[in-house]
Amino acid sequence: MNQRLSPTPEERASSDGGALTRKRRWTAEEDAIIIRYAGKLNDRSLAALVGRTTAATKDHRQALLGTAPKAPGWSEQELEILRKWYTTAPPAELRKMLPGRAPASIHEKVRKLGLRRFKPSTSSALPWSEDESDVMRRLYPDNAAALLLPHLPGRSQKAIERRATDMGLQHSEKFWTHHYATRISLGCYPPELQEVIRLGRKLKKAINDRESQHP
């Protein structure tokens, strides 16, 4: 009975999509690309240039050069992109703006620059624009913080109150003597307190009506 031998290198090379395939040899052209760009691009970008996997490119680059690729210095244009977009741009979009920069490299650079990413879900973490600050100066002195919510989308009542404190804003005499007592939105208070305020207003109105009828 004939015993089947292991596939020859030629059989492995000619295998079309099978499990047994021979590794494609690195060409002189690919070596030239690795040597030329190893100091400018990371392994992922090098792999895209030569059509190899990142792991294979890294192994070959290390075997070819013997050292890890030295990333080029950050240009002023790249630094400006980080300063302008890091706080708000999604990480994937930021990487597109910085081709050739690995996520770890970007993270290290922004750490050195002292940049912080703002969380859209936290209104107090977002920087206040000049337009928002103008709204605060114009409306806060005579209005409760809750009444500013429609004018400041994305800001919570607590964020508005903190911003007023930071800006040194205080409620005016008009607020304390008139608006607070008669026009403030009951939605600012818990349900049980809303009912107490309603009863107090009804009682005050009844007293005023009686006094006007019997001067």
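Predicted model: local features only at pLDDT ≥ 70, side-chain atom pairs only at ≥ 80, totals over all residues.
Which residues are linked with Arg 24 in a network of salt bridges? The network joins Arg 24, Glu 30 and Arg 52. The notes below start from the whole chain and then take the contacts in turn.

1. The chain holds 11 helices and 0 strands. Read from the N terminus, the elements run α-α-α-α-α-α-α-α-α-α-α. The chain has 215 residues, and 26% of them count as buried. Take the contacts with a separation of 6 or more: residues 24 or more positions apart account for 53% of these.

2. **Helix 5 against helix 7.** Helix 5 covers residues 76-85 and helix 7 covers residues 103-113. They pack at an angle of about 75°, and their axes lie 11 Å apart. Angles of 65 to 115 degrees count as roughly perpendicular, so helix 5 and helix 7 are roughly perpendicular to each other. From helix 5, the contact uses Leu 79, Leu 82 and Arg 83. From helix 7, it uses Ile 106, Lys 109, Val 110 and Leu 113. By class, this contact has 5 nonpolar, no polar and 2 charged residues.

3. **The largest nonpolar core.** This core has 11 residues in all. Among them are Trp 128, Val 135, Met 136, Leu 139 and Tyr 140. Ala 145, Leu 148, Leu 152, Ala 159, Ile 160 and Ala 164 also belong to it. Helix 8 (130-139) and helix 9 (157-167) each supply at least two residues of the core. In soluble globular proteins, nonpolar side chains tend to be buried together.

4. **Ile 160 and the second core.** Ile 160 is a member of the largest core. Set aside its neighbours within four places in sequence. Ile 160 is then in contact with Trp 128, Met 136, Tyr 140, Ala 145, Leu 148, Leu 149, Leu 152 and Arg 155. A second, separate core has 10 residues, including Trp 74, Ile 81, Tyr 86 and Ile 106. Ile 106 also takes part in the contact of helix 5 with helix 7.

5. **Glu 132: buried or exposed?** Glu 132 is found in helix 8. Its relative accessibility is 15%, and under 20% means buried. Glu 132 therefore counts as buried. Leaving aside neighbours within four places in sequence, Glu 132 is in contact with Pro 127, Leu 152 and Arg 155. Leu 152 belongs to the largest nonpolar core.

6. **Ser 133, next along helix 8.** Ser 133 is found in helix 8. Ser 133 is buried, with a relative accessible area of 2%. Beyond its neighbours within four places in sequence, Ser 133 is in contact with Trp 128, Arg 163 and Met 167. Ser 133 and Met 167 are 34 residues apart along the chain, and their C-alpha atoms are separated by 8.6 Å.

7. The structure holds 10 salt bridges. One of them joins the side chains of Arg 101 and Glu 78, at 3.0 Å from N to O. Arg 101 lies in the loop between helix 6 (91-97) and helix 7, and Glu 78 lies in helix 5, so the pair ties together parts that are 23 residues apart in sequence. Arg 101 is buried, with a relative accessible area of 7%. Glu 78 is buried too, with a relative accessible area of 15%.

8. **Salt bridges within a helix.** The side chains of Glu 93 and Lys 96 meet in a salt bridge at 3.7 Å, N to O. Both residues lie in helix 6, 3 residues apart, about one turn of the helix. Glu 93 is partly exposed at 38% relative accessible area, whereas Lys 96 is exposed at 62%. In helix 7, Arg 111 and Glu 108 are also 3 residues apart, so about one helical turn separates them. Arg 111 forms a salt bridge with Glu 108, with the closest N and O atoms 2.6 Å apart. Glu 108 is partly exposed, with a relative accessible area of 31%.

9. **Ala 56 in helix 4.** Ala 56 is found in helix 4 (residues 54-65). At 30% relative accessibility, Ala 56 counts as partly exposed. Ala 56 and Asp 43 are 13 residues apart along the chain, and their C-alpha atoms are separated by 9.3 Å.

Definitions and conventions: Residues numbered from 1 in each chain as written. Heavy atoms only, no water. Axes fitted to C-alpha atoms, helices over the stretch in contact; angles between N-to-C directions. Helix = DSSP H or I, 4+ residues; strand = E, 2+ residues; numbered from the N terminus. Parallel < 35°, antiparallel > 145°, perpendicular 65-115°, else oblique. Contact = heavy atoms within 4.5 Å. Nonpolar A, V, L, I, M, F, W, Y, C, P; charged D, E, K, R; others polar. Core = buried A, V, L, I, M, F, W, Y, C linked by side-chain atoms within 4.5 Å. Buried < 20%, exposed > 50% of the residue type's maximum accessible area, 1.4 Å probe, protein only. Salt bridge = Lys/Arg side-chain N within 4 Å of Asp/Glu carboxyl O.
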